[in-house]
Amino acid sequence: MADPQFFKKSKSFTLAELAEIAGAEVMDAANADYEVADVAALDQAGENQISFLDNVKYKEQFTHTKAGACIIAPALAELAPDGVKLLVSKHPYKSYAKIAQAFYPDAKPEGYISDKAFIHESAEIGEGCTIENGVHISEGAVIGAQSWIEAGAYIGPSVQVGTGCRIGVNSTLSHCHIGDYSRIYTGARIGQDGFGFAIDPTGHVKVPQLGRVIVESHVEIGANTTIDRGAGPDTVIGQGTWIDNLVQIGHNVKIGRGCVIVAQVGISGSTVIEDFVAIGGQVGIAGHLNIGQGVRIAAQSGIMRNIEAGQEVMGSPAVPIKQFMKQVAMLKRLIKKG
Amino acid sequence: MADPQFFKKSKSFTLAELAEIAGAEVMDAANADYEVADVAALDQAGENQISFLDNVKYKEQFTHTKAGACIIAPALAELAPDGVKLLVSKHPYKSYAKIAQAFYPDAKPEGYISDKAFIHESAEIGEGCTIENGVHISEGAVIGAQSWIEAGAYIGPSVQVGTGCRIGVNSTLSHCHIGDYSRIYTGARIGQDGFGFAIDPTGHVKVPQLGRVIVESHVEIGANTTIDRGAGPDTVIGQGTWIDNLVQIGHNVKIGRGCVIVAQVGISGSTVIEDFVAIGGQVGIAGHLNIGQGVRIAAQSGIMRNIEAGQEVMGSPAVPIKQFMKQVAMLKRLIKKG
Amino acid sequence: MADPQFFKKSKSFTLAELAEIAGAEVMDAANADYEVADVAALDQAGENQISFLDNVKYKEQFTHTKAGACIIAPALAELAPDGVKLLVSKHPYKSYAKIAQAFYPDAKPEGYISDKAFIHESAEIGEGCTIENGVHISEGAVIGAQSWIEAGAYIGPSVQVGTGCRIGVNSTLSHCHIGDYSRIYTGARIGQDGFGFAIDPTGHVKVPQLGRVIVESHVEIGANTTIDRGAGPDTVIGQGTWIDNLVQIGHNVKIGRGCVIVAQVGISGSTVIEDFVAIGGQVGIAGHLNIGQGVRIAAQSGIMRNIEAGQEVMGSPAVPIKQFMKQVAMLKRLIKKG
């Protein structure tokens with residue numbers, strides 16, 4: 001299904017092999033040797049292709065799918081149309097992810113260093129790195145083994161990039177350390193001065209920004225996202241946190257492990273986000289706050305106060321999600337009355 | 001009026017010639033030969049310059065204008081001050097656009113290919129292209145005739161760019177096809193991985209993003225806007241759609257023809273926007289929704305449900321625009337009472 | 001405290017010298033000769049380091065600080081723990097800014113021009129400039145003395161950059177003048193076409209954008225921010241205005257002096273922002289409005305009407321801040337009743 005000009009498929013697998021890869025079970029053992037050649041969407045898949053159902057919104061598509069095989073939660077298996085071979089998984093989307101990775105392993109160039117990159121003689125480049133055309137690597141920078149620095153990326157003085165990282169086209173890294181296996185997307189800006197100054201009618205007075213950005217390992221930072229360095233303390237992005245496109249993260253912000261931050265979120269200076277927080281698109285969070293572990297914030301919310309661990313909030317200013325729904329319902333009723 | 005260091009004027013026109021260009025009529029035939037040398041704003045225009053009135057907010061400026069000529073809707077012609085020659089048009093702003101294009105045709109360099117661009121030997125470059133310094137054109141990429149690739153732009157492997165396109169400074173194209181006569185502004189990012197993963201406490205599992213971005217013809221995509229490629233299906237931007245700066249478009253989104261999407265809008269994954277939809281600035285739209293043909297969404301709205309064709313909505317969560325106005329009025333009344 | 005790999009400290013100062021630099025007073029004259037070697041945060045500072053207390057939220061940290069010295073407002077001096085030497089200032093944050101600048105003066109390379117920059121032969125480069133690798137300077141551009149053009153930045157035809165400017169990595173300047181001592185951060189886009197067209201079902205008709213962007217002196221423009229050039233009039237950013245990351249400024253907008261515009265704000269076309277306006281993060285402002293001098297707009301507000309000088313507003317649509325707080329309180333009460 002994937003355009004072969006852009007994506008290179010590895011090989012075919014039996015359903016049993018895929019079950020192993022996916023942490024799933026072949027529902028009917030008679031199908032264990034069924035050959036699967038590719039992944040595809042429910043409404044496009046055909047013979048020898050495997051699809052998945054995760055979002056129940058697409059249940060209807062599932063009942064009509066022509067897919068040869070399908071990954072499905074146990075409770076929904078009975079809805080399968082005749083002839084579709086089933087892989088049963090408690091986490092169908094995660095199982096699909098692993099299967100798709102098997103068919104389409106990450107493209108990664110064999111290491112080479114372009115002679116059209118600008119590399120300072122004092123920079124250290126690890127083994128097996130790929131450094132593309134027009135890359136700038138500054139004095140004292142260190143690039144870990146197997147890292148891939150894409151065209152036009154800028155690595156500032158003394159920046160450290162870990163092992164197995166991928167730094168996107170025309171992105172900018174300064175005053176930062178990037179942990180192992182992290183990926184910075186095209187156009188992201190990491191490590192510039194935070195927005196720090198004392199307001200003065202004769203001219204704002206700049207506060208030197210003396211911290212760094214510490215990006216831990218297995219982090220993803222989206223396209224055109226901006227992360228300012230700390231003012232004194234560091235700005236920190238915790239291990240395994242994923243950040244989408246066009247997000248703004250202010251100076252001194254500390255983000256924990258395993259968080260998910262959707263596009264166009266803004267987090268103001270010195271706020272702390274604990275582990276496993278999920279933040280919807282376009283949320284704004286004021287400065288100097290604490291957002292507890294596992295908090296979930298709905299899209300477009302505005303956060304002006306600390307939020308305790310485990311809460312789900314919505315609205316601007318944000319309130320617990322049930323209270324928000326009551327507000328919306330009440331406004332409707334009042335208007336009908338009025 | 002335009003700074004001649006930045007803009008090159010073509011020549012003078014008679015009012016009759018401009019009427020022809022603009023789909024308008026010279027109100028008083030005696031003025032058909034009046035020579036117009038330039039365009040200018042109502043409050044700055046003088047002799048031999050033509051201006052326009054479209055937004056009634058500027059009516060006052062119109063009644064005092066010193067412009068030699070003016071484009072005006074029939075109903076407002078009687079407000080014209082003495083001596084201003086009138087071009088009457090049902091669509092004054094469109095007529096102005098065409099006249100301004102005649103005075104200031106698009107700057108376009110004569111084709112040339114910089115020897116300081118990085119062009120893979122397998123890439124195909126059409127006739128009459130301009131390829132500026134520091135451009136990267138990757139393996140298997142195809143650039144259509146008369147296209148203009150500005151300095152530092154990156155064209156990824158197998159990307160196809162149509163005829164007469166303009167690809168802005170330091171922008172990034174990967175995993176995409178760009179239709180004829182489309183324009184990508186500086187810093188736009190098109191075709192990177194969508195934000196797709198299965199959440200897992202031991203580390204989110206990446207879902208390979210196996211689709212493309214298909215940008216049809218006559219599309220404009222603003223500065224620093226990001227458009228992720230599909231996860232399996234393609235992300236599609238329909239013919240003649242205009243997208244402003246800093247917009248985020250998620251994976252699998254389908255946008256129809258002739259849409260207008262203002263700055264800082266975010267559209268989540270797999271949502272479908274039908275033809276001729278207008279979306280105000282900073283709107284957020286959730287994933288997996290359908291926005292019907294001709295829908296108009298006011299700035300800063302939040303869309304959590306499907307919207308039927310032709311509706312006008314506002315607010316977060318969005319409601320029909322009249323209902324939103326009632327909410328606002330009612331809140332005001334209740335506070336006065338309280 | 002600051003990582004010496006990234007930041008170079010100048011030297012030590014006595015408390016009396018720092019008082020002079022900071023416009024502050026040594027509280028106990030006996031401490032005038034106390035030697036201060038560095039700045040540090042309240043909770044990290046130790047002997048011979050100076051910290052400050054400005055935000056009362058951190059009062060608790062102050063009462064336990066181990067800092068050798070601290071800058072403090074007169075009213076809070078009595079809270080100081082024993083042994084902390086005090087510098088008393090009416091504006092502790094501004095005093096800190098000046099002291100931190102003394103310890104860490106702006107890094108600035110000695111002037112040099114990379115032979116790997118692309119500089120048109122007609123461009124004028126002032127004395128003492130630094131032009132890094134991969135910079136593009138186009139025909140007729142003028143760069144003032146002592147300016148620093150960072151790697152991969154693009155300076156378009158006829159652009160004028162003043163004295164002592166710093167133009168960030170991979171940023172784009174076209175159709176603009178940049179005043180003295182202004183700083184453009186990495187990835188900012190200044191001077192591209194505004195979003196101007198006449199809507200038409202057969203294809204929107206582009207309105208040529210014939211104005212410029214005029215950035216006055218001592219302006220800061222954040223990372224990945226976009227500022228469109230005027231449609232006929234110019235877009236203007238007034239002296240000493242600071243703009244954060246990912247902000248969008250539409251064509252013809254005029255911003256006065258000394259304004260502060262936080263991240264992800266959007267300002268629509270032709271709006272006028274008077275002097276000393278402060279705009280919180282993610283605010284949206286409609287087009288053709290006037291925002292009076294000294295107005296303060298809370299984060300995430302939506303502005304649909306003119307705002308008179310001196311007002312403080314909040315909400316979408318925005319209302320005076322007290323009215324907004326009443327709305328929030330009333331909604332809470334009504335839900336409890338309901």
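Biologist: What percentage of the interface residues of chain A are also interface residues in chain B?

Modeller: This is a predicted model, in which local features need pLDDT of at least 70, side-chain atom pairs count only at pLDDT 80 or more, and totals for chains, interfaces and linings use all residues. Residues are numbered from 1 along each chain as its sequence is written, while chains are lettered from A and ligands numbered from 1 in the order in which they are written. The copies meet through different surfaces, because the interface residues of chain A that are also interface residues in chain B amount to only 14%.

Biologist: Which element gives the most to the side of chain A that touches chain C?

Modeller: Counting residues as in contact if their C-beta atoms, placed from the backbone, lie within 7 Å, the contact takes 46 residues from chain A and 52 residues from chain C. Elements are DSSP runs numbered from the N terminus, helices (H or I) of at least four residues and strands (E) of at least two; those that give two or more residues to this side are β22 (197–198), β23 (205–206) and α4 (321–337) of chain A. With four residues, the element that gives the most is α4(A).

Biologist: Which residue of β30(B) is the bridge partner of B:Ile237?

Modeller: Strand β27 (residues 235–237) of chain B pairs in the parallel sense with strand β30 (residues 254–255) of chain B, over two bridges. Within β30(B), the partner of B:Ile237 is B:Ile255.

Biologist: Which residues does A:Ile155 touch, leaving out those up to four places away in sequence?

Modeller: In the largest nonpolar core, which has 210 residues, A:Ile155 is among those that touch the most other members, together with A:Leu173 and their counterparts B:Ile155, B:Leu173, C:Ile155 and C:Leu173. With residues up to four places away in sequence not counted, A:Ile155 touches A:His136, A:Ile137, A:Ser138, A:Ala141, A:Ile149, A:Val161 and A:Leu173. A core here joins buried Ala, Val, Leu, Ile, Met, Phe, Trp, Tyr and Cys residues through C-beta atoms within 7 Å, buried meaning that 20 or more other C-beta atoms lie within 10 Å of a residue's own.

Note on methods:
Contact = placed C-beta atoms within 7 Å. Pairing = 2+ DSSP bridges. Buried ≥ 20, exposed ≤ 12 C-beta atoms within 10 Å, placed from the backbone.
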